[in-house]
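Here are some notes to keep beside you as you look through this model for the first time.

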Amino acid sequence: MIEIEELLDLSHTIAAPLFAGKTYPWEVLDGIKSFILELGETLSPEEFDHPEEGVWIAKDAKVFPSAYIGAPCIIDHEAEVRHCAFIRGSAIVGKGAVVGNSVELKNVVLFDKVQTPHYNYVGDSVLGYKAHMGAGSITSNVKSDKTLVVVKEPGAPHETGRKKFGAILGDNVEVGCNSVLNPGTVVGRRSNIYPTSSVRGVIPADSIYKDREHIVIKKK
């Protein structure tokens, strides 16, 4: 349930080569910065503006004047970066994605059509195609005791070796408003998280997370 091929459609991201040769999606987190810098140099100046060192913005993307874009960063075609967004760096914003009002991004890959539209914090995370984070929902990327993050797949915990690791959202995941995705959370494709949830561990695909004791599979 937690391998790249089970969670993410790589045809929907400019960052597909970053995942090559890897098994688990969190394995890309260390390489986002260098990947952006390498890929950026290959992007067509006819399609992408290069306003400063390490920043590439598609000419058809919409970036509000009040947004902060920190290097390195790639903002792909038809993305929208709204009022007072804060992109701290090492961020890939996919085609048609939305980075909304007062949203903060750091060391992330947002696949195409991802929506983080209102007051979200997304750090050290990967959000799959058309994933949506409701207003105020955030990724918590460091454990309170500062120990290394473990992905708690039932019966098979995975040591990530990472101190900072937020969440992996599979394609078409819906996260309800004001939810917290605790360090090492992995949510399978097409699953829904109830509003105001505190989520940790692995949530199966095609499920509804109501609380830790009530995770139900969607009816087909």
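**Notes on the interior and its strands**

1. Let's begin with Ile87. Beyond its neighbours within four places in sequence, Ile87 is in contact with Tyr68, Ile69, Gly70, Cys73, Ile75, Val81, Val93 and Leu105 (contact means heavy atoms within 4.5 Å).

2. A word on the basis: this is a predicted model, in which local features need pLDDT of at least 70 and side-chain atom pairs count only at pLDDT 80 or more, while totals for chains, interfaces and linings use all residues. Residues are numbered from 1 along each chain as its sequence is written, and side-chain values use heavy atoms, with hydrogens and water left out.

3. Ile87 also belongs to the largest nonpolar core, which has 66 residues; Phe19, Ile75, Ile87, Val93, Leu105, Val126 and Leu169 touch the most other members. Such a core is a set of buried Ala, Val, Leu, Ile, Met, Phe, Trp, Tyr and Cys residues joined through side-chain atoms within 4.5 Å. Buried means under 20% relative accessible area, exposed over 50%, and partly exposed in between (1.4 Å probe, protein chains only).

4. Now find helix α2, residues 32-40, whose buried residues are Ile32, Phe35, Ile36, Leu39 and Gly40. Why do they lie on the same side of α2? They cover an arc of only 120° around the axis, taken from the directions from the helix axis to the C-beta atoms. These buried residues pack against β2 (55-58), β5 (73-75), β8 (91-93) and β10 (104-110). Helices (H or I, at least four residues) and strands (E, at least two) are DSSP runs, numbered from the N terminus.

5. Strand β12 (residues 121-127) deserves a look, as seven of its seven residues are buried. β12 pairs with β10 in the parallel sense over six bridges, and Val108 stands opposite Ser125. β12 also pairs in the parallel sense with β17 (residues 167-169), over two bridges; here Leu127 stands opposite Leu169. Strands pair if DSSP finds at least two bridges between them.

6. Finally, the whole structure holds four aromatic pairs. The ring centres of Trp26 and Phe165 are 5.7 Å apart with planes at 35°, so this pair is tilted. Rings of Phe, Tyr and Trp (its six-membered ring) pair if their centres lie within 6.5 Å; planes under 30 degrees apart count as stacked, over 60 as edge-to-face and the rest as tilted. Trp26 is buried at 5% relative accessible area, and Phe165 is buried at 0%.
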